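Please read the following report alongside the sequence and the coordinates.

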Amino acid sequence: MEPANVLLRSILRRTFKPKENISPAVWVEKNIRLSPKTSNISGRYSLLHTPYLRRIYEDFGDPRIRKVVLKKSAQIGATQLASNLLLYYVCNEVFPLLMILPSKQLAQQFSERSLHPSIESCESVRPFLTDSADDLKKTEFLFRSCIARVIGAGSPSQLSSNPAAIVIIDECDKGEDFANQGEAPALELAEDRTISFPNDKKILILSTPTSETTSIVQSQYLLGSQSKYFVPCPYCQHEQTLIFDQIKWDKDACKLEDETYDIDKVESATYYECISCNAHLSEQDKIGMVRSGIWKDTNPKSFPSEIRSYHISALYSFNVKWGGLAKMFLLSKDDVGKLRNFYNSFLGECFEQRAATIKRDDIDGIISASPAYAKGELLSKPEVLILGADTQGSSLWYAVQAVYADGTSSLVDWGEAATFDDLKLIFKNTYPVKGTANSYGIHKALIDMGGDRTEEVKAFCVSTGFNFLPIVGRNQSQGLLAPLRETTFPHKQYRIPGLIINDKTFKDILYLGIIKERSGKLFLPQNCDDEIKIQLSGEQLVEKKNARGKLETFWKSARRNHLGDCCKYLEAFKYLLEPRIKAKQMAEAQAEQKKREYVLRPPILQESYAGNEWG
Ligand SMILES: [Zn+2]
């Protein structure tokens, strides 16, 4: 048949035949075939395997709903959901479709491994295929009914140039580009794409979450219905959500002599304990329970009726056994990074560190993971060399760090200064790059103004010609929600530029991110003395209920921690400087002829030298 004929027929069919009013859930079960290439079950797609997804398909048939948010774990069938919805729209509507993944590579992977095989095995999509094989490209699929694009979040030009009625955003917490500073965040750009389709637009956001403060899917989830999936106990009929706390195993039967668990025994001895009648529930019970489950809204506040948000975890998955989750938990619980991954990827929950003690072993671990260098040496030419000083009590302590082009930094120098004048002398130190004749001086210093020496510190900053600038730490209850704020502090006829920082944020970055999880961002020299090891390892993260009864965590120091505070200030300083260093690096790359000038007198630092504003 001539292609024109096919097209005409399809247009006529659309115009004259009343549109089959079929819900997406019914349509996908009728028309989607699972390809053995993409799924361990082949044949007809059935919601019996993922009953909790039915409601999400139905939302796509509900004209009142504009946005669906799914905060999820792995193994719950979300990738298949995304590609099924795309095919549903190809076959039933005529709108442009857009699928966004964290990166270009992941977008190509989704096209090749999921969407392409799905198209191939779906009979119903055939009439909508054009005659040119070129129309099914890696990232752009041209059908007779519509165009579907699959792109990475890192391409703002593509994001802002293609309108779409249906936008699916997958793993929004994984790509840095979804939250990039400066430009409009990718999520906003993606949502803007739907503006020209006010009556048909639908946005689906799916992701495993990260941490409460940074998770995009979590913040979107909170805006909507916050629906949870309730399943009935087969013994007492009590409807409950499945939570990890109810996963139990016979502790005595699985304990080994050294008080650890026999992991394989745990796996087979695990059951789910009904929260109401304490019945021991099995994998077989799970299937029946999940198939008779229902979604209930749990958002206590009113929320826009067009936003539905859901949470689902691997506890509901038929592909993951409860015993497997117990095993995975035991294998992860002593390693913060693994535990974080367990919470995010299997429970679909944000992870907040609840308790931690920084030990000397942690510091020794960082030293042995650092490249070899000695106190006083630089690893290479630094982008900046910065000093942080702490004034708590009668003593003055300082730490010096170098920040390198690749974003890593190294602790270069530290110690106690007897007087403010001594600090001025230390600021004049220069430090050689290991194995070369080149040395570099300190560019800028921050000094704690939060203790009882506020006026003294201000006068000192003025006397250094603003080489030292004041920094004040605040806690969350003092109303500073942002990580830091640039400000000025009045002193006589001056306004001294300085920083107010959220103490907890930068302690989390230093003690949890850098030290406990070994982010690899900060190096320590091989010849660290006892003092630095003691002062960096005195901190403990503990939890306490706040006035409203909510659990909160805070840092408690077991002993002197001045050098830890110096490093905390330097983390705040690096946080402030990072975008400026990146901007400077870009400017350097673009203006090769001005390179020498830039390197000798970095413009970002010249402004600070002027002492008026941060620039
Ligand atoms: Zn029960």
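What arrangement do the 4 donor atoms around the zinc ion form, and why?

## The zinc site

In this predicted model, the 4 donor atoms subtend angles of 105 to 115° around the zinc ion, and the arrangement is therefore tetrahedral. The atoms concerned are the SG atoms of Cys-233, Cys-236, Cys-274 and Cys-277, which lie 2.3 to 2.4 Å from the zinc ion.

Along the chain, the donors follow the spacing C-x2-C-x37-C-x2-C. Cys-236 belongs to the loop between strand E9 (227–232) and strand E10 (239–240), while Cys-277 belongs to the loop between strand E12 (270–273) and strand E13 (280–281), so this pair ties together parts that are 41 residues apart in sequence.

An open sheet is formed by 3 strands in the order E11-E12-E13, with antiparallel pairing. Strand E11 (247–249) and strand E13 stand at the edges and have a single partner strand each, so that one side of each is left without a neighbour in the sheet.

Strands E12 and E13, which run antiparallel, are joined by 2 bridges. Tyr-272 has Leu-281 of E13 as its bridge partner. In general terms, the strands of a sheet pair through backbone hydrogen bonds, which may be parallel or antiparallel in arrangement.

## Burial of helix H13

Helix H13 spans residues 336–346, and its buried residues are Val-336, Leu-339, Phe-342, Asn-344, Ser-345 and Phe-346. The elements that cover these buried residues include strand E3 (67–72), helix H12 (322–332) and helix H17 (503–516). Just after H13, the backbone at Gly-348 takes a positive phi of about 65°.

## Packing of H15 against H16

Helix H15 (residues 420–427) and helix H16 (residues 454–463) have axes that come within 11 Å and cross at roughly 40°, and the crossing is right-handed. On the H15 side, Phe-420, Leu-423 and Lys-424 take part in the contact, where they meet Glu-456, Val-457, Phe-460 and Ser-463 of H16. As background to such contact patterns, an α-helix has 3.6 residues a turn, so residues three or four places apart point the same way.

Notes. Residues are numbered from 1 along each chain as its sequence is written. This is a predicted model: local features need pLDDT of at least 70, side-chain atom pairs count only at pLDDT 80 or more; totals for chains, interfaces and linings use all residues. Side-chain values use heavy atoms; hydrogens and water are left out. Donors are N, O and S atoms within 2.8 Å of the metal (3.2 Å for Na, K and Ca); water is not among the atoms, so sites may look incomplete. Four donors count as tetrahedral if all angles lie between 85 and 135 degrees; four count as square planar and six as octahedral if opposite donors are over 155 degrees apart and all others between 65 and 115; anything else is irregular. Helices (H or I, at least four residues) and strands (E, at least two) are DSSP runs, numbered from the N terminus. Two strands pair if DSSP finds at least two bridges between them. Buried means under 20% relative accessible area, exposed over 50%, partly exposed in between (1.4 Å probe, protein chains only). Contact means heavy atoms within 4.5 Å. Axes are lines fitted to C-alpha atoms, for helices over the stretch in contact, and angles run from 0 to 180 degrees between N-to-C directions. A crossing is left-handed if the near helix is turned anticlockwise from the far one by less than a right angle, and right-handed if clockwise.
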